[in-house]
Amino acid sequence: MLFSVAISAERTVTSTESGDIVASDLAEMQEYAELQKAHLLKRLEVANSLSDQQKELVATALSKDLEGLPLCSFSQDIVYREETEKSETRLATVHENGLITDDKSRERMFSEWKYSPFSAPPSAGMDFASGTLIEETDSDATFQFKFDKKAKSSSENIRELLGNLKRVAKNLRYDLTIDKLSGAPKKLVLELIKPTRVMVVARVKKIRHEYVYKFDEKMQRFTIPVQVVEFAYSAPTRGKVDEKIDVTYSNFECSTPIRYMWRTSTDLTGATSYDYNPQ
């Protein structure tokens, strides 16, 4: 049996093959986020081009981009430019056992979810050793990272995404913009900096993922209410493909007091800190 649930007054634990799914209060979620920040700082030790203060800033920002799904319901609008029949609006609900359900009678584990208002799945591929500061103003700092071809994830969907991105890894760049005063993430962009040929027969012209962050006072955490994914390529089997997907979130309704669901990995030391992202 995949699930076995232990229930206490304030905390539930659902055991799965890939780690425990924990649902608890805001204070415990914040403690969990601090552990992830410490893990990020450890991984950022190889970023020789960044100062200790800059590493702290990056770790703080990325520690906000974690699984930690609040037990809420919300609207998700997905609009495809080319395949309009796939566009839809759904009402999704997060449950403390790790399931996401919607008003179309579908349910899936959070790790099988392709889009989330709480994390940016492509961030799992960031190569921390390559980190550099590329722009700075009085209020913001933007850091750039290359793609790490050795990146791993325990999530099947993120593994698939990373596998696709690895084909053009040499020309992928991440730009992470952070509020210098608070360490808050403002925007993460993953982009292909120039067209890249894949195995002679296919040519990838564009890849661009953009995630804009916003702090939600009610949930006491950052959300990504605006997400844009663009890709363009040509291949003999598909012809020319040029697609844009806009995903927006709204109408958050959460249980009170605020409770969160997240997953503890069975092997934290061997995994990336982004193994905790839902999809």
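Strand 14 gives six residues to the lining of the largest pocket, the largest share of that lining. The model is a predicted one, in which local features need pLDDT of at least 70, side-chain atom pairs count only at pLDDT 80 or more, and totals for chains, interfaces and linings use all residues. Residues are numbered from 1 along each chain as its sequence is written, and side-chain values use heavy atoms, with hydrogens and water left out.

**The chain**

The protein chain has three helices and 17 strands; these are DSSP runs numbered from the N terminus, helices being H or I with at least four residues and strands E with at least two. Of its 279 residues, 52% are buried, where buried means under 20% relative accessible area, exposed over 50%, and partly exposed in between, with a 1.4 Å probe and protein chains only. Among contacts with a separation of 6 or more, 59% are between residues 24 or more positions apart; a contact means heavy atoms within 4.5 Å.

**Pocket and cavity**

On a 1 Å grid over the protein atoms alone, a cavity is a set of points where a 1.4 Å probe fits but cannot get out, whereas a pocket is an open set with protein on both sides within 12 Å along at least five of seven lines; lining residues have an atom within 4 Å of a point. Grid points are joined across faces, edges and corners, and a volume is the space filled by probe spheres set on the points.

The largest pocket holds about 1100 Å³ of space. Its lining comprises 36 residues, of which Lys114, Leu161, Asn164, Phe231 and Tyr233 are the closest to its centre. At least two lining residues come from each of helix 3 (156-166), strand 14 (202-216), strand 15 (221-235) and strand 16 (239-254).

The whole structure has one cavity of 30 Å³ or more. The largest cavity contains about 40 Å³ of space and is lined by Arg90, Ala92, Ile100, Thr101, Asp102, Arg106, Arg108 and Trp113. Strand 6 and strand 7 are the elements that give two or more residues to this lining, and strand 7 has the largest share, three residues.

**Strand 7 and its partners**

In a regular strand the side chains alternate between the two faces of the sheet. Strand 7 (residues 99-102) is covered on both faces, with Leu99 and Thr101 buried on one side and Ile100 and Asp102 buried on the other. Strand 7 pairs with strand 6 (residues 88-94) in the antiparallel sense over three bridges; strands pair if DSSP finds at least two bridges between them. Val94 stands opposite Ile100. Four residues separate the strands of this hairpin, where Gly98 takes a positive phi near 95°.

Strand 8 (residues 107-109) also pairs with strand 7 in the antiparallel sense, over three bridges, and Glu107 is the bridge partner of Thr101. The hairpin of strand 7 and strand 8 has four residues between the strands, and Ser105 in the turn has a positive phi of about 65°.

**His209**

His209 lies in strand 14 and counts as buried because its relative accessibility is 10%. Its side chain makes a polar contact of 3.2 Å with the side chain of Tyr211. A polar contact is a pair of N or O atoms within 3.5 Å; within protein, one must be able to donate a hydrogen and the other to accept it, and residues adjacent in sequence count only if both atoms are side-chain atoms. Leaving aside residues up to four places away in sequence, His209 touches Pro122, Leu188, Val189, Leu190, Val228 and Val229.
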